[in-house]
Amino acid sequence: QVQLVESGGVSVQLGGSLRLSCAASVSFFGWYGAGWYRQPPGKERELVATITSGRSTNYVDSVKGRFTISRDNAKNTVYLQMNNLKPEETAVYYCNVRWKDTYWGQGTQVTVSS
């Protein structure tokens, strides 16, 4: 059974940095595209960043220049480095991987206080 486990979510202050990790128990991880999404309180889930199997990346405009998505195929892990965090980025952050199927993690809470 495929599992994605996110970690790294904590409470930080305005302007702080965090690195989220998502470890995936899938075979052929390198073939999967991956993404990070977030769901702020009372709002819908939204895309934050994606990375393809070829390591091409894409970001929502609001995080460009501050967030970096990366992957380590040897560790079956996707990362999201988040810098200069803002209170409005408080959310549950989810990762997913997708190839023939799409799988989601359980989410990790990020809280940014002012």
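## A salt bridge to start with

Which residue forms a salt bridge with Lys64? The partner is Asp61, and the closest N and O atoms of the two side chains are 2.9 Å apart. Lys64 is partly exposed, with a relative accessible area of 48%, while Asp61 counts as exposed at 59% relative accessibility. Please keep in mind as you look around that this is a predicted model.

## The other charged pairs

Side chains of opposite charge can pair when their charged atoms come close. In this structure there are 4 salt bridges. One of them joins Glu89 to Arg66, with 2.5 Å from N to O. Glu89 and Arg66 are both buried.

Another salt bridge brings Glu46 together with Arg38, and here the closest N and O atoms are 2.7 Å apart. Glu46 is partly exposed, at 33% relative accessibility. Arg38 has a relative accessibility of 5%, so it counts as buried, the cut-off being under 20%. If you follow the charged side chains from one to the next, you will find Arg38, Glu46, Arg66 and Glu89 linked in a network of salt bridges.

## A cluster of rings

Now turn to the aromatic side chains, which form 4 pairs in this structure. In one of them, the ring centres of Tyr32 and Trp99 are 5.5 Å apart and the planes meet at 70°, so the pair counts as edge-to-face. This pair links distant parts of the chain: Tyr32 is in the loop between strand S3 (18-24) and strand S4 (33-39), whereas Trp99 is in the loop between strand S9 (91-98) and strand S10 (102-104), 67 residues apart. Tyr32 is buried, with a relative accessible area of 8%, but Trp99 is partly exposed at 39%.

Tyr32 also forms an aromatic pair with Tyr103, a tilted one with 6.5 Å from centre to centre and 50° between the planes. Since Tyr32 belongs to the loop between S3 and S4 and Tyr103 to strand S10, the pair ties together parts that are 71 residues apart in sequence. Tyr103 is partly exposed, with a relative accessible area of 24%. Taken together, ring pairs link Trp31, Tyr32, Trp99 and Tyr103 into a cluster.

## Where charges meet rings

Some charged side chains sit over aromatic rings. Arg45 lies over the face of Trp104, at 4.7 Å from the ring centre. Elsewhere, the ring of Phe29 has the charged end of Arg71 over it, 4.8 Å from the ring centre.

## The disulfide

What kind of link do Cys22 and Cys95 form? They form a disulfide, with their sulfur atoms 1.9 Å apart. A disulfide is a covalent bond between the sulfur atoms of two cysteines. This structure holds 1 disulfide. The link of Cys22 and Cys95 is right-handed, with 45° about the S-S bond.

How values were computed:
Residues numbered from 1 in each chain as written. Predicted model: local features only at pLDDT ≥ 70, side-chain atom pairs only at ≥ 80, totals over all residues. Heavy atoms only, no water. Phe/Tyr/Trp six-rings, centres within 6.5 Å; stacked < 30°, edge-to-face > 60°. Helix = DSSP H or I, 4+ residues; strand = E, 2+ residues; numbered from the N terminus. Buried < 20%, exposed > 50% of the residue type's maximum accessible area, 1.4 Å probe, protein only. Lys NZ or Arg CZ within 6 Å of the ring centre and 35° of its normal. Disulfide = S-S within 2.5 Å.
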